[in-house]
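Biologist: I am new to this structure and would like to learn how to read it. Could we go through it together, one feature at a time?

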Amino acid sequence: MLYLRNGYMIDPLSKEEGYRDILIDTRIGRIVRIALCGEQAACAASCKEIDLNGQIVAPGLVDVHVHFRDPGFTHKEDIHTGAAAAAKGGFTSVVLMANTKPPVDNKETLSYVLDKGRETGIRVYTCANVTKGLQGKELTDMEALSEQGAAGFTDDGVALMDETLLRTALRRAAKCKKPVSLHEENPAFIKNNGVNAKKAAAFYGIGGSPREAEISLVERDLRIAAEEGADLCVQHISTKEAVELVRQAKKESGHVFAEATPHHFTLTEEAVIEHGTLAKMNPPLREEADRMAIIEGLRDGTIGMIATDHAPHSAEEKAKPITEAPSGIIGLETALSLGIRELVDKGYLSMMELIEKMSLAPAKLYHLDAGYLKEGGPADLVVFDPKKEWVVKDFVSKAANSPFVGERMPGVVSYTICGGKAAHGDIEKFS
């Protein structure tokens with residue numbers, strides 16, 4: 001048994017918060033009792049007891065957009081190192097993207113990923129591809145992949161341009177009761193990916209990626225999703241126009257969802273000028289008006305989820321020229337801190353709202369048993385001090401491609417507990 005005393009519990013499902021004691025049965029990985037501080041009977045001699053001293057205890061975070069690069073690109077990251085980075089950041093559940101090599105367009109690769117995920121200390125899920133080989137030409141066997149455990153479907157990294165194919169995919173995914181998550185960048189508009197086609201592109205003397213690349217596909221795909229009645233998620237939204245399109249679509253349909261990354265609600269294209277390839281990502285960082293529109297979308301519920309798009313690359317790859325280096329940054333170890341600093345401390349979201357967008361909301365979309373604290377529920381928790389500061393360095397991830405290196409941030413994760421066992425933090429020292 002594990003007895004967590006004197007924690008400030010935040011539960012987005014019940015909307016309950018306050019000082020609580022939590023008793024966990026580590027043998028079955030479930031929460032046995034949640035009580036007001038002092039009401040729980042003393043622990044047995046064999047029980048580990050931890051005084052949290054008022055730290056926040058919340059559901060383990062859920063990230064439904066990560067890249068662990070396994071199979072095929074394990075020099076960047078693998079499932080074990082990615083899971084360790086997730087645990088350090090407070091995440092107990094992650095959903096992997098499927099643009100691996102081979103891609104997750106077949107049952108063998110899906111089984112490999114899920115089996116390897118079970119070897120880690122957290123819950124590792126994965127999407128399968130919408131199309132075979134991410135080629136956008138032929139749909140995968142979505143029904144078979146769903147039955148085998150695919151959490152959803154995506155060709156993340158590649159836009160799905162065939163409207164008829166997308167419509168069919170949405171119908172089939174709906175029958176499987178699984179979401180389709182879309183990378184919304186029309187390549188016909190893009191001259192150089194990863195850099196906003198305005199000030200940053202001008203600085204580097206390149207064409208860049210204009211906002212129209214995102215807007216055009218979001219507009220099309222929201223219309224199709226509404227017509228088909230299928231759950232569609234707009235991934236890593238980056239423009240104010242796309243935020244407004246989602247806002248209007250949500251008024252008409254309960255099948256529209258959107259995610260925002262910490263880097264898109266924190267940074268603008270100025271960061272690409274300052275940090276170069278370490279701030280290059282798809283879709284690119286845009287302007288201050290876009291950043292603030294994303295924050296407003298998070299505030300008013302238009303954007304229901306925060307997802308990191310954790311995208312590790314090697315130092316050698318990121319050292320290439322701006323037009324040659326791959327897009328993407330890591331984010332699992334900094335996401336909670338950025339949420340606290342940029343959204344909670346600045347008054348845009350309450351801590352309850354932040355935790356909901358980083359746990360319960362993404363869990364609901366992907367039908368995961370996660371994102372809440374309840375007697376009898378899974379013992380997946382994160383314990384953190386929102387005021388304690390740390391300096392961004394020494395990543396657990398294999399990669400270090402982050403524009404936040406060296407920054408001081410609030411929010412230190414003391415423990416990540418998944419299934420009643422410590423995935424991060426030393427609970428063995430407690431009697």
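**Strands, helices and a pocket**

Modeller: Gladly! This is a predicted model. Let us start with a pair of strands: strand 12 (residues 256–260) and strand 13 pair in the parallel sense, over 2 bridges. In this pairing, E259 stands opposite M305 of strand 13.

Biologist: What is the order of the strands in the open sheet?

Modeller: The order is 9-10-11-12-13, with 5 strands in parallel pairing. Strand 9 (153–154) and strand 13 (305–306) are the edge strands, each pairing on one side only.

Biologist: Which strands does helix 4 lie across?

Modeller: Helix 4 (residues 163–176) lies across strand 9, strand 10 (180–182) and strand 11 (232–234), and runs at about 145 degrees to strand 10. Helix 6, in turn, lies across strands 10, 11 and 12, at about 165 degrees to strand 11.

Biologist: Why is helix 6 called roughly parallel to helix 7?

Modeller: Angles under 35 degrees count as roughly parallel. The axes of helix 6 (residues 212–228) and helix 7 (residues 240–252) cross at roughly 10 degrees and come within 9 Å, so helix 6 is roughly parallel to helix 7. Their contact includes I215, V218 and L222 of helix 6 and A242, L245 and V246 of helix 7. By class, this contact has 7 nonpolar, 3 charged and no polar residues.

Biologist: How many residues line the largest pocket?

Modeller: There are 30, and N99, G157, H183, N282 and S327 lie nearest its centre. The lining divides into 12 polar, 11 nonpolar and 7 charged residues, and the volume of the largest pocket is about 630 Å³.

Key. Residues are numbered from 1 along each chain as its sequence is written. This is a predicted model: local features need pLDDT of at least 70, side-chain atom pairs count only at pLDDT 80 or more; totals for chains, interfaces and linings use all residues. Side-chain values use heavy atoms; hydrogens and water are left out. On a 1 Å grid over the protein atoms alone, a cavity is a set of points where a 1.4 Å probe fits but cannot get out, and a pocket is an open set with protein on both sides within 12 Å along at least five of seven lines; lining residues have an atom within 4 Å of a point. Grid points are joined across faces, edges and corners, and a volume is the space filled by probe spheres set on the points. Ala, Val, Leu, Ile, Met, Phe, Trp, Tyr, Cys and Pro count as nonpolar, Asp, Glu, Lys and Arg as charged, and the others, Gly among them, as polar. Axes are lines fitted to C-alpha atoms, for helices over the stretch in contact, and angles run from 0 to 180 degrees between N-to-C directions. Helices (H or I, at least four residues) and strands (E, at least two) are DSSP runs, numbered from the N terminus. Angles under 35 degrees count as roughly parallel, over 145 as roughly antiparallel, 65 to 115 as roughly perpendicular and the rest as oblique. Contact means heavy atoms within 4.5 Å. Two strands pair if DSSP finds at least two bridges between them.
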